[in-house]
Every structure is written in structure tokens, then in C-alpha cells.
Amino acid sequence: LEERVAALELRKARCVRVMGGGEDGGMEVDGGGDDAEGPLPSGQDALGTETTRLEGEAAGLREAIEAEDAKMQEWRDENIRRKFNYIPFIFNFLKVLAEKNQLEPLIAKASKRV
């Protein structure tokens, strides 16, 4: 996806250059290809439309990349949670509560709820 975004950015830059008069390639007719090296549409309106289309497609691809990154981070977090051994923590937590005489009131309170 990142390679596709880079190719779209290159094509958009070419469109902007042609629209600004920086290149004589504006008379090329687009063959329907989406690649960065393909011919650009002719005419300022067509170039503007192509630029807008490229910006939209690039934005969509960036969102897809961000979604994939977020999904991968969630997977990493879940794997860490699965691998962590919580039993020693829970045992020590209950032991500290018992030492501070706070465990029995919590058990009694929980028993009343059930």
C-alpha cells in the first residue's frame, strides 16, 4: 500500500507540474492507466480532476495503512496479555490485602452481591 501511495504522489506531482506549465506533457492522452509513469490527461480540467482523484485514492490508502497498523498493534498487545503470567501478581495482591485486613471485608461485600 505504501508503494501505491508513493506512485500516486509521483503522478499527482506530475499533474501539478503540467498544470503549472512546468512540463509539455499536458497534451498526452491518458490511456486509462493508474501508474505514475503513464500518460497524463490533456487539458487543465482533466488534470485537475486527475489530481483530485489521486488525492482521494491516496487518502483512502493512507487510511487503510493506519487501520492495518492499529490492527497489528492490537494483536501485539493481545499477545503480550496472553503470554503474561498473572498468577503471581494476583497471589501477592491478595496477600497484601490480607495483611492490611482488607480482604475479608471485600469477600463479605462480594458475597452479599451474589
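**View 1. The surface of the protein chain in this predicted model.** Of the 114 residues, 18% count as buried (buried is under 20% relative accessible area, exposed is over 50%, partly exposed is in between; 1.4 Å probe, protein chains only). This is a predicted model, with pLDDT of at least 70 needed for local features and 80 or more for side-chain atom pairs to count, while totals for chains, interfaces and linings use all residues. Residues are numbered from 1 along each chain as its sequence is written, and side-chain values use heavy atoms, leaving out hydrogens and water.

**View 2. The fold, helix by helix.** The protein chain has 4 helices and 0 strands, so reading from the N terminus you get α-α-α-α (these are DSSP runs numbered from the N terminus: helices are H or I with at least four residues, strands are E with at least two). Take the contacts between residues at least 6 apart in sequence: 57% of them join residues at least 24 apart (a contact means heavy atoms within 4.5 Å).

View 3. Helix 1 covers residues 2-19, which makes 18 residues. From first C-alpha to last it reaches 26 Å, close to the 26 Å expected at 1.5 Å a residue (the expected span is 1.5 Å times one less than the number of residues). Look here for Val5, Leu8, Arg11, Arg14, Cys15 and Val18, which are buried. What covers the buried residues of helix 1 includes helix 2 (44-83).

**View 4. The Phe84 and Tyr86 rings.** Searching the whole structure turns up 2 aromatic pairs. In the pair of Phe84 and Tyr86, the ring centres sit 4.8 Å apart with the planes at 70 degrees, so this one is edge-to-face (rings of Phe, Tyr and Trp, the last by its six-membered ring, pair if their centres lie within 6.5 Å; planes under 30 degrees apart are stacked, over 60 edge-to-face, and the rest tilted). Phe84 is partly exposed at 48% relative accessibility, and Tyr86 is partly exposed too, at 39%.

**View 5. Phe89 and Phe93 on helix 3.** Phe89 and Phe93 make a stacked aromatic pair, 6.0 Å centre to centre with 20 degrees between the planes. Both sit in helix 3 (residues 87-99), and because they are 4 residues apart there, about one helical turn separates them. Phe89 counts as exposed at 53% relative accessibility, whereas Phe93 is partly exposed at 45%.
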